[in-house]
Each structure stands twice: as C-alpha cells, then as structure tokens.
Amino acid sequence: MRLILTQKEKIDTGKILNGGASYSDGSDLIFIGKVRDISRGKKVTHIDYEIYNEMALKELNRIADEASLNHELNRIIIIHRYGRVLLGETSIVILVSSPHRDSSYQASRYIIDEIKKRVPVWKKEFYDDGSEWISDRS
Amino acid sequence: MRIKIKVFASVRDICGFNEKELIVSDSIKLNEVIDLFIKSNQALSEKKETLLIAVNEEYCRMDRTLEEGDTLAIFPPVSGG
C-alpha cells in the first residue's frame with residue numbers, strides 16, 4: 001500500500017497509522033517532522049513551506065520506489081505539508097511498515113534523507129524581527 | 001521556439017515573477033538558456049553554483065537540448081522535511 005500526498009491542511013497522524021495496516025507487518029515505523037521554536041539561535045514564530053507540487057510528487061514517488069526496491073516494505077505513506085505551519089505542528093509524516101524492524105528503520109532514514117536532498121520544497125522561517133529562506137545545503 | 005521558466009523561493013524573490021514564457025532559438029542547450037537568464041538577472045550570478053535546474057519536472061543534465069514547450073524550473077537548494 002502506498003500513499004504519497006502533499007497538502008495544506010493539518011496532518012491527522014492517528015488516521016494515517018490505522019489506514020492500510022496489515023497483519024503481515026511486524027513493524028510500523030512513523031517519523032514526524034515538526035516545527036520547533038528555536039532555529040540557528042533565533043526564536044521562530046512559524047514556517048511557510050513553498051512547494052513545486054508537480055515535481056515534488058514525482059520525486060516523492062521516485063524515492064518511495066527506491067526504498068521499496070531496497071527494503072521489504074508493505075506500506076509506505078509520505079505526507080508533506082505546504083503553506084503556513086505553526087510551532088509544534090507536523091510538517092511531514094513518513095510511515096513505513098515491514099515484516100521486520102531493520103527494514104523499517106533503514107527505509108525511513110533513507111526516505112527523509114533523500115527528501116531533504118531532492119524534493120523541491122523550501123522553508124521560510126519567520127521570527128519576531130523578520131524572516132529568512134532556509135537552505136539545507138548551504 | 002517557446003519555453004516556460006518557473007522560479008521558486010529565494011530565486012523568485014530576486015526575479016520578481018513566478019513564471020515567464022521565453023522565445024529562444026531552436027535546439028538551444030539548457031546551459032545556454034541558464035547563462036542568458038542569469039545575465040538578465042545579475043543578482044542571481046552569486047548563487048549560480050548552487051542553483052538547481054529541472055526540465056519538465058525532472059532534474060537533468062545541463063547539456064540537454066531543449067524542445068518547444070519545455071518547462072524549466074530554477075530554484076535554490078531544497079529545504080523540505
């Protein structure tokens with residue numbers, strides 16, 4: 001089962017965990033990325049995520065293909081938010097299900113690392129006294 | 001021939017538009033278009049080495065020959081997650 005989504009709305013993590021679960025899986029591993037209050041020493045108020053949606057969906061699916069090829073996964077769910085995300089809110093959820101935990105841990109790590117390298121999404125952090133585009137590669 | 005250019009995030013802020021249609025010579029290479037584009041947006045020149053480029057929603061080689069109707073995207077390093 002695979003679900004790849006980008007959405008402006010808040011992510012309902014509980015609903016995701018229960019969707020498409022299988023008795024053949026011995027592990028469900030969920031990664032939740034959140035907006036934190038301090039970044040590079042500055043107090044963050046919120047983040048605006050910009051997305052090149054058509055390309056982002058293609059890249060997310062490609063990353064899911066690669067993870068499936070290299071790991072025994074029965075379920076992959078990736079949901080990335082765009083637009084304004086407030087402090088403590090979830091910006092990304094990655095759920096992988098596998099018969100064994102090793103596959104889940106490795107696949108989850110691979111997916112988030114590749115997203116941060118390749119998927120065209122950009123965060124702009126807002127502070128009390130301004131804002132700044134964040135580039136993970138710089 | 002006509003091509004479309006889309007820009008995102010800090011590159012869009014520098015350029016002042018989201019997307020634009022350009023008329024370029026047939027069989028032009030991607031790197032030639034990028035060089036022309038940066039010349040007309042000098043503030044981008046210092047970012048040139050870090051810019052990411054996609055054609056029709058795929059990362060691609062800079063020596064690719066462009067075709068009528070192609071969509072180029074120019075953007076800074078990504079920072080999702």
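Two strands count as paired if DSSP finds at least two bridges between them. Keep that in mind for chain B. There, S3(B) and S5(B) pair in the antiparallel sense, over four bridges. One caution before I go on: what you see above is a predicted model.

Let me stay with chain B and its sheet. Five strands make up an open sheet, and the order across it is S2-S1-S5-S3-S4. The pairing is mixed. Which strands sit at the edges? They are strand S2, residues 19-23, and strand S4, residues 58-59, of chain B. Each of these pairs on one side only.

Now look at S5(B). On one side, strand S1 of chain B, residues 2-7, pairs with strand S5, residues 71-75, in the parallel sense. That pairing also runs over four bridges. Some residue pairs to click on. B:Lys4 stands opposite B:Thr71 in S5(B). B:Lys6 stands opposite B:Ala73. As background, strands in a sheet pair through backbone hydrogen bonds, parallel or antiparallel.

Is S5(B) buried or exposed? Four of its five residues are buried, so the rest of the structure largely encloses S5(B).

A helix covers part of this sheet. Helix H2 of chain B, residues 30-40, lies across S1, S3 and S5 of chain B. H2(B) runs at about 125 degrees to S3(B), which spans residues 52-55.

Here is chain B as a whole. Chain B has two helices and five strands. From the N terminus, the elements run β-α-β-α-β-β-β. A compact globule of 81 residues would have a radius of gyration near 12 Å, and chain B, at 12 Å, agrees with that. Its C-alpha atoms fill a box of roughly 35 × 25 × 20 Å along the principal axes. Of the 81 residues, 22% count as buried. Take the contacts in chain B between residues at least 6 apart in sequence: 59% of them join residues at least 24 apart.

Two loop residues in chain B deserve a look at the backbone. In general, most residues other than glycine have a negative phi. B:Ser27 is not a glycine, yet has a positive phi of about 65 degrees. B:Ser27 is found in the loop between S2 and H2 of chain B. B:Ser27 has 10 other C-beta atoms within 10 Å, so B:Ser27 is exposed. The other residue is B:Asn56, with a positive phi of about 50 degrees, and again not a glycine. B:Asn56 is found in the loop between S3 and S4 of chain B. How many C-beta neighbours does B:Asn56 have inside 10 Å? The count is 16, so B:Asn56 is partly exposed.

Over to chain A. Chain A has three helices and nine strands. Along the sequence the pattern is β-α-β-β-β-α-β-β-β-α-β-β. The radius of gyration is 15 Å, close to the 14 Å from the globule rule for 138 residues, so chain A is as compact as a globular protein of that length. The C-alpha box is roughly 50 × 25 × 25 Å along the principal axes. Buried residues make up 31% of the 138. Among chain A contacts between residues at least 6 apart in sequence, 75% join residues at least 24 apart.

Where do the chains meet? 24 residues of chain A are in contact with 14 residues of chain B. On the chain A side, the elements that give two or more residues are helix H2 (53-70), strand S7 (90-98), helix H3 (101-118), strand S8 (121-127) and strand S9 (130-134). H3(A) gives the largest share, four residues. By type, the chain A side divides into 11 nonpolar, five polar and eight charged residues.

Last topic: the core. The largest nonpolar core has 42 residues. Those with the most contacts inside it are A:Ile78, A:Val121, B:Phe8 and B:Phe75. H2(A) gives the largest share of this core, six residues. Pick out A:Ile78. Leaving aside neighbours within four places in sequence, A:Ile78 is in contact with A:Ile4, A:Leu60, A:Ala64, A:Ile94 and A:Ile111.

Note on methods
Residues are numbered from 1 along each chain as its sequence is written. Chains are lettered from A and ligands numbered from 1 in the order in which they are written. This is a predicted model: local features need pLDDT of at least 70, side-chain atom pairs count only at pLDDT 80 or more; totals for chains, interfaces and linings use all residues. Two residues are in contact if their C-beta atoms, placed from the backbone, lie within 7 Å. Axes are lines fitted to C-alpha atoms, for helices over the stretch in contact, and angles run from 0 to 180 degrees between N-to-C directions. Ala, Val, Leu, Ile, Met, Phe, Trp, Tyr, Cys and Pro count as nonpolar, Asp, Glu, Lys and Arg as charged, and the others, Gly among them, as polar. A nonpolar core is a set of buried Ala, Val, Leu, Ile, Met, Phe, Trp, Tyr and Cys residues joined through C-beta atoms within 7 Å. A residue is buried if 20 or more other C-beta atoms lie within 10 Å of its own, exposed if 12 or fewer, and partly exposed in between; C-beta atoms are placed from the backbone. The radius of gyration is taken over C-alpha atoms; the globule rule is 2.2 Å times the number of residues to the power 0.38.
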